Structures are given as structure tokens and as C-alpha cells.
Amino acid sequence: MTSLAPDVLVCGGGMAGVAAAVAAAREGAEVLLVERWGFLGGSATAAAVGQFVGWETAAGRQVVQGIAEEIVRRLGERGGAQGHRHFMMSTGHRMDHVPYDPEILKLVLDEIVCEAGAAPLFQAMVLAVTRKGRTITAVEVLTKAGPVRVQPRAVIDASGDLDVLHRAGAAFLPLGDDEALQPGTMMFRFGPIDVDVFEAIPAEERGALARRGYESGALARAALHASIIPGTRDGWFNVSRVAVDATDPFALSRGEIEGRRQAVAAAGYLRDAVPGCGGGRLVAIAAQLGIRESRRIAGRYVLTGEDVRAGRRFADVIAVGAYPLDIHPPAGGGLSFSTLGADHSYDIPFRSLVPEGMDNALVAGRGISATHEAHASVRVMPTCMAIGQAAGSAAAAMVRANASAGELDVAALRTRLAGAGAYLAG
Ligand SMILES: Cc1cc2nc3c(=O)[nH]c(=O)nc-3n(C[C@H](O)[C@H](O)[C@H](O)COP(=O)(O)OP(=O)(O)OC[C@H]3O[C@@H](n4cnc5c(N)ncnc54)[C@H](O)[C@@H]3O)c2cc1C
């Protein structure tokens with residue numbers, strides 16, 4: 001069997017894994033980035049989410065910068081995004097966002113990862129993990145050439161579903177009695193749209209159209225949300241809803257089929273009933289069902305909804321979030337969306353990236369140690385990228401110092417992150 005021994009193994013090339021790989025490689029670590037698809041981006045590309053949200057407080061203070069902002073700049077240079085925009089939500093919340101073209105994002109992520117010197121291994125799936133006590137000693141990945149054995153000094157699980165840590169026997173946080181996993185969504189591309197007409201639909205009429213679509217069964221979610229792809233007349237639509245536990249492969253398979261069924265039904269409703277959409281058609285269905293929530297690690301600190309709401313500060317802050325608590329229920333057409341206040345932000349502590357009982361593993365992205373409620377804010381892509389940058393920098397430092405996550409000098413980590421452009425002053 002082929003054997004590799006990089007300093008840092010990053011499993012999962014979503015937005016968190018990319019930021020982690022880039023940060024670790026820029027600090028001189030030898031990095032292997034394992035990804036099951038043939039391209040990077042995860043939900044951002046394979047699930048075609050289409051917009052990065054949650055950069056700023058409602059008052060306009062930008063709390064995510066660093067590698068995430070560099071990706072926005074690179075997208076702009078390639079015509080894949082047009083910088084930061086704002087829109088008013090029906091709740092009156094002023095939301096910032098960066099709509100992007102998922103195809104151009106794939107190229108930008110290839111470039112930033114390869115320029116940093118990290119080695120991507122595509123079409124490779126985490127298969128098995130060997131753990132000795134508190135240490136992951138090997139991760140086997142399945143490739144076209146058969147299994148490859150990777151023996152890294154530090155491992156970052158950025159697989160979203162935390163497949164590495166699951167196979168390592170780590171502990172995960174349960175849902176509360178009145179909580180349910182957020183549903184998945186099958187994004188689809190529809191166009192051409194008369195964008196001026198579509199965007200000018202008055203809020204009340206838009207709400208009524210969405211409700212009518214939901215009540216008729218054409219929309220699984222009472223929403224007409226689209227991210228218009230920069231430079232085109234097409235939009236990626238986020239109007240489907242599939243209740244699924246993504247860690248159950250058979251349920252996930254049924255969910256993919258149901259997602260495609262919903263996409264086709266929704267596209268028919270857009271064409272027949274929604275102003276500006278009459279000349280459009282279903283252009284593409286995302287390559288995979290988008291997964292909002294699955295496993296959350298039991299880490300050294302569990303970030304709570306109360307921490308988020310109170311804007312709690314931590315001495316070991318490694319990233320700052322500002323996105324509202326945005327919970328999609330698995331059934332019904334609605335949404336629970338709690339805004340946080342005008343210039344409100346909260347800290348994410350390093351301890352929330354560190355799995356309980358493990359020394360050389362970190363989590364990056366949506367699976368960090370956070371309650372169901374706190375996850376509903378942390379899960380957006382800018383925040384996931386900020387967490388990823390911190391995880392990558394931390395892993396490189398652990399390797400340099402031959403230190404466990406618990407022994408890491410977090411003050412020095414914070415200094416390095418600030419030096420690399422990350423925002424840490426909540
Ligand atoms: C439908 C939907 C709409 C959303 N809307 C927005 C929005 O408007 N704006 C926003 O900012 N955020 C939004 N989010 C949230 C956001 O997209 C995700 O939470 C975020 O992208 C998660 O990033 P991640 O890198 O942690 O995980 P993921 O994007 O899930 O990436 C995980 C990566 O790991 C790979 N992987 C998984 N398992 C394995 C394995 N076993 N072996 C190898 N590779 C593996 C996957 O292929 C993937 O590339 C939305 C999410 C969904 C699903």
C-alpha cells in the first residue's frame with residue numbers, strides 16, 4: 001500500500017478545509033488535502049450554495065477577513081464575484097453577502113491551494129482511522145489506485161460530517177429534546193431571468209407567491225431565494241427542503257433523489273408563476289444535496305447560543321462571528337431567524353476546535369464544538385473559513401513545536417493569525 005507522512009493532513013476540501021490547508025502550508029508545513037470530489041469548495045461548489053453570507057455585523061463592521069477575504073479578491077479578479085453587497089431581509093435585517101460563480105470558485109481554490117504549496121489528493125475518500133490513545137496515527141484513504149496510508153503528525157477534520165473523528169471513536173454532541181437536524185437543500189440553477197423584474201417584486205407579493213408555491217406543493221420551502229450568478233442572468237435557487245441525516249448513506253441516497261424531484265417541481269413553478277422567470281428553464285441541478293448540519297464534535301469548550309447572543313469574549317478567541325441564528329426546520333415552510341443586534345459579534349475560542357480526549361486532531365468548519373443553536377450561526381462560509389485558517393495555523397504550530405493541541409501557545413497563534421490578516425478583535 002502507498003504510504004505518505006505529511007506534517008498536516010486536512011480531510012475535506014470545503015471552504016474550511018481549503019483555508020486550513022492554505023494557512024498550514026503558508027507556515028511551512030507539508031500539507032496533504034484529501035477531498036472526495038475532483039474539485040474543492042464542498043458545499044460552496046458541489047452543493048452550489050452561491051453566496052457567502054455573514055461577514056459583517058448589521059452595523060457594517062467586517063469581522064471575517066484573512067484568507068476568506070483573499071478568496072473574494074481573487075474571485076473578483078477572475079470575474080467570479082463583484083465584492084461585498086447588501087440586501088434588506090423581510091425581517092428588516094441588513095444582510096451582507098458575496099454572490100459568486102461556483103465554477104470560477106473551483107479555479108480560484110485550485111490556485112490558492114497550489115500556490116500555498118499544499119498537495120490536493122482528489123477523488124479520495126476517508127476509509128479508516130488508526131488511533132493510539134489520544135493520538136491519530138494513521139488515516140487510510142480510498143483512491144482509484146486502492147487504499148493510501150497517511151501517517152500525519154497533525155490531522156484536521158474538515159469533512160463537514162467529521163468522518164475522520166467518527167472513525168477515530170471521538171464523542172459528538174447530541175441534539176436537545178426539542179431539537180432536530182437542519183434539513184438539506186438541493187440547489188438548482190435556473191435562467192435566463194429578467195433580473196430587474198425578479199428583484200423588484202415587492203416584499204408582500206414575493207411572500208404571497210412563495211406561500212402559494214408552498215401550499216400548492218411545488219415549493220418545499222415558502223421562499224423564492226436566489227443568488228444571481230455574477231455576470232449572468234441565471235440564479236442558484238435555494239427553495240427546496242429535505243429532512244435527512246447525512247451520516248446515514250441510505251437516507252442520504254433517498255435525500256439526493258428527493259432533492260432533484262423538488263428542484264424540478266420548483267423550477268416549473270418559477271417558470272409558470274413568478275415574474276421575471278417566464279423565459280427561464282432548469283439549467284443545472286447541484287452535484288450533491290447541500291447539508292447544513294450533521295455531526296458536531298464534543299470539544300474542550302462547547303459554544304452555546306447564549307454565548308452567541310451575549311457576544312461573549314474568550315481569551316483564546318481565534319475567529320469572530322456575527323451571523324444571526326438561522327435555523328431551518330426539517331418540516332414546514334418557515335424559518336427561525338434571530339438577529340443579534342446592530343454591531344453585535346461573538347468570539348469563537350480555540351478550545352471549540354479541539355476534540356475532547358485527543359492530542360493531534362482539530363476540527364475546522366461547521367462541525368466545531370457548538371450547540372445546535374450556536375451552530376446555526378457558526379455554519380456560514382465566511383465563519384467556516386476563519387475557523388479553517390485558525391485550525392491550519394494551529395496545526396502547523398503543533399508540528400513545529402512538537403506540541404499537542406492542549407499544549408499549544410494560543411497567544412502566539414493569535415499573533416500569527418492577526419499578522420496573516422485575520423480579524424480577532426470582537
Ligand atoms: C443549502 C445550503 C444553503 C446555505 N446557504 C448559505 C449561504 O447563503 N451563505 C453561507 O455563507 N453559507 C450557507 N450555507 C452554509 C455553508 O454552505 C456550509 O455550512 C459551509 O460551506 C460548510 O463548510 P465546511 O468546509 O465546514 O464543510 P463542507 O462544505 O461540507 O465541506 C466538507 C468537504 O469534505 C469532503 N468530504 C466529506 N466527507 C469526506 C470523506 N469521507 N472523505 C473525503 N472528503 C470528504 C466534502 O466533499 C466537502 O468538500 C448553506 C448551506 C446549505 C447546505
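1. Helices here are DSSP runs of H or I with at least four residues, strands are runs of E with at least two, and both are numbered from the N terminus.

2. A word on the model, which is predicted: local features need pLDDT of at least 70, side-chain atom pairs count only at pLDDT 80 or more, and totals for chains, interfaces and linings use all residues. Residues are numbered from 1 along each chain as its sequence is written, and side-chain values use heavy atoms, leaving out hydrogens and water.

3. Next, look at α1 (residues 15-26) and α2 (residues 66-77), whose axes come within 10 Å and cross at roughly 105°. Axes are lines fitted to C-alpha atoms, for helices over the stretch in contact, with angles from 0 to 180 degrees between N-to-C directions. Contact means heavy atoms within 4.5 Å. On the α1 side, Met15, Ala19, Val22, Ala23 and Arg26 make the contact, and on the α2 side Ile67, Glu70, Ile71 and Arg74 do.

4. Staying with α2, its buried residues include Gly66, Ala68 and Leu75; buried means under 20% relative accessible area, exposed over 50%, partly exposed in between (1.4 Å probe, protein chains only). The buried residues of α2 pack against α1, β4 (51-53), β6 (94-99), α3 (102-116) and α10 (381-401).

5. Finally, visit β19 (residues 346-349): Tyr346 and Ile348 point one way, Asp347 and Pro349 the other, and all are buried. This strand pairs with β16 (residues 317-321) in the antiparallel sense over 4 bridges, where pairing requires at least two DSSP bridges. Opposite Pro349 stands Val317.
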